Amino acid sequence: MMVLITYDVNTTSADGQRRLRQVAKTCENYGQRVQNSVFECLLDPQQLKELHIKLKRMIEPETDSLRFYRLGANWKGKVEHVGAKQGYDPEGFLMI
């Protein structure tokens, strides 16, 4: 299932800056960054649960926020990209 993950981490302190880096690095391990604090992740239910737990442990709920948008298996018809940064297909061919 496609999951859109967005986050906002308070970076007014060194600890907040550290949390921001941790959240971003963790999301990079599960999906593709599509904007500064937005990731598209193609996950199975177990991966989603694992990522959800990891991210919740990293943030400070009083100052930071996380959002998980579950777009499901038929996500391609729900996503439209306009503008800079060409889109990608996580199910498509990857050439390294």
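Which residues touch the most other members of the largest nonpolar core? They are Ile5, Tyr7, Val23, Cys27, Leu43, Leu55 and Phe68, out of 18 residues in that core. A nonpolar core is a set of buried Ala, Val, Leu, Ile, Met, Phe, Trp, Tyr and Cys residues joined through side-chain atoms within 4.5 Å. The model is predicted: local features need pLDDT of at least 70, side-chain atom pairs count only at pLDDT 80 or more, and totals for chains, interfaces and linings use all residues. Residues are numbered from 1 along each chain as its sequence is written, and side-chain values use heavy atoms, with hydrogens and water left out.

- Two or more core residues come from each of strand E1 (2–8), helix H1 (14–28), strand E3 (38–42), helix H2 (45–58) and strand E4 (65–72). Helices (H or I, at least four residues) and strands (E, at least two) are DSSP runs, numbered from the N terminus.
- H2 gives the largest share of this core, four residues.
- In soluble globular proteins, nonpolar side chains tend to be buried together.

**The cysteines**

- The count of disulfides is zero, where a disulfide is a pair of cysteine sulfur atoms within 2.5 Å.
- For Cys27, the nearest cysteine sulfur is that of Cys41, 5.8 Å away. The sulfur of Cys41 in turn has its closest cysteine sulfur in Cys27, and 5.8 Å is too far for a bond.
- Cys27 counts as buried because its relative accessibility is 0%. Buried means under 20% relative accessible area, exposed over 50%, and partly exposed in between (1.4 Å probe, protein chains only).
- Cys41 also has 0% relative accessibility, so Cys41 is buried.

**Contacts of two residues**

- Apart from neighbours within four places in sequence, Cys27 is in contact with Ile5, Tyr7, Phe39 and Leu55. Contact means heavy atoms within 4.5 Å.
- Thr26 lies in helix H1 and is buried, with a relative accessible area of 11%.
- With neighbours within four places in sequence again left aside, Thr26 is in contact with Leu51, Lys54, Leu55 and Met58.

**Strand E3 and its partners**

- E3 is mostly covered, with four of its five residues buried.
- E1 and E3 pair in the antiparallel sense over five bridges; two strands pair if DSSP finds at least two bridges between them.
- Thr6 has Val38 in E3 as its bridge partner.
- Strand E2 (residues 32–35) and E3 run antiparallel and are joined by three bridges.
- Phe39 in E3 stands opposite Arg33.
- A hairpin of two residues joins E2 to E3.
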